[in-house]
Amino acid sequence: MSHIFKTWVTPTLHEAGFKKRGIVYVRDLGSVQHLFNHESGDYNTADKLSFTTNCGIYVPGVFPAFANPSLEEPKAPRAFQGLLNVRPNFLMPARRLTWWELTSSDGPEKDDEVGQELRTLVETAALPFFDRFRDERAVAEFLSQPRRKEDRHVMPFEETFELCYAAILWKRLGCKDKCRECIERERSKTKKRYSPLPEKFLARFSCDDD
């Protein structure tokens, strides 16, 4: 797998401005980080390996502001820890999850087949997804608006989290009216919330304080 990524994935991502940090490819744009990495299967052995891939949009400071202001952020986040994250196969027209399998008996033809699929995935799904979110405002806009059908597999799935994250971002961007709009939309809900975290967040958060 390392050989396949080095041959087929690394050059494409490096050309797009990503640097490799362990298993994670990172494009740091300052206010946001674009993350791409593989995810290994749970039952890999010395003779058989399965893996898939993940894309993440990491925005420093947002999740601690939502969950716990004293929470320490990961020093080297992975894609699944992104404020937005998705398996890029779900951004392709077929919208289905792909797990690649490699065995100790595979020859170079299999390496090339998997490598070409991965490069196509990066070029046609991962990079266009990343390019949509080059700053905090783009992330805030996405989280504030109704979800498009083609983005239904992008996490977070729960609108409560979307609106709380968006409120934090709009406040940071100095857009207090948009911040209040997100908070009011969330407070107006009558159904039970997904977890106690939003209740605690709404109790301490204000769009107007410093």
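Buried means under 20% relative accessible area, exposed means over 50%, and partly exposed is what falls in between, with a 1.4 Å probe and protein chains only. This is a predicted model, where local features need pLDDT of at least 70 and side-chain atom pairs count only at pLDDT 80 or more, while totals for chains, interfaces and linings use all residues. Residues are numbered from 1 along each chain as its sequence is written, and side-chain values use heavy atoms, with hydrogens and water left out.

**View 1. Leu-127 in its helix.** Leu-127 sits in helix α3; helices here are DSSP runs of H or I with at least four residues, strands are E runs of at least two, and both are numbered from the N terminus. Leu-127 counts as buried because its relative accessibility is 13%. Leaving aside residues up to four places away in sequence, Leu-127 touches Thr-12, Leu-13, Ala-16, Phe-18 and Val-122, where contact means heavy atoms within 4.5 Å. Pro-88 is 39 residues away along the chain, and its C-alpha atom lies 9.5 Å from that of Leu-127.

View 2. Glu-136 belongs to helix α4, residues 136-144. Is Glu-136 buried or exposed? It's buried, because its relative accessible area is 11%. Skipping residues up to four places off in sequence, the contacts of Glu-136 are Ser-31, Val-32, Val-59, Leu-169, Arg-172 and Leu-173.

**View 3. The nonpolar cores.** A nonpolar core is a set of buried Ala, Val, Leu, Ile, Met, Phe, Trp, Tyr and Cys residues joined through side-chain atoms within 4.5 Å. The largest one takes in 55 residues, and Phe-36, Phe-129, Phe-130, Val-139 and Leu-143 have the most contacts inside it. A second, separate core has 5 residues, including Val-24, Val-26, Leu-35 and Tyr-58. Back to Phe-129: not counting residues up to four places away in sequence, Phe-129 touches Cys-55, Ile-57, Val-86, Leu-91 and Val-154.

**View 4. The largest pocket.** On a 1 Å grid over the protein atoms alone, a pocket is an open set of points where a 1.4 Å probe fits, with protein on both sides within 12 Å along at least five of seven lines; lining residues have an atom within 4 Å of a point. The largest pocket holds about 460 Å³ of space. Which of its 20 lining residues are closest to the centre? They are Phe-63, Phe-80, Gly-82, Asn-85 and Tyr-165. Helices α2 (62-67) and α5 (159-172) are the elements that give two or more residues to this lining. By class, the lining splits into 14 nonpolar, 3 polar and 3 charged residues.

**View 5. The second largest pocket.** This one has about 200 Å³ of space. Among its lining residues are Asn-89, Met-92, Arg-95, Arg-96, Trp-100 and Glu-117. Helix α3 (residues 108-131) supplies the largest share of the lining, 3 residues. The class count is 4 nonpolar, 3 polar and 3 charged.

**View 6. The whole chain, for orientation.** The protein chain has 7 helices and 6 strands, and from the N terminus they run α-β-β-β-β-α-β-β-α-α-α-α-α. Its C-alpha atoms fill a box of roughly 60 × 35 × 35 Å along the principal axes. Of the 210 residues, 43% count as buried.

Terms used:
Grid points are joined across faces, edges and corners, and a volume is the space filled by probe spheres set on the points. Ala, Val, Leu, Ile, Met, Phe, Trp, Tyr, Cys and Pro count as nonpolar, Asp, Glu, Lys and Arg as charged, and the others, Gly among them, as polar.
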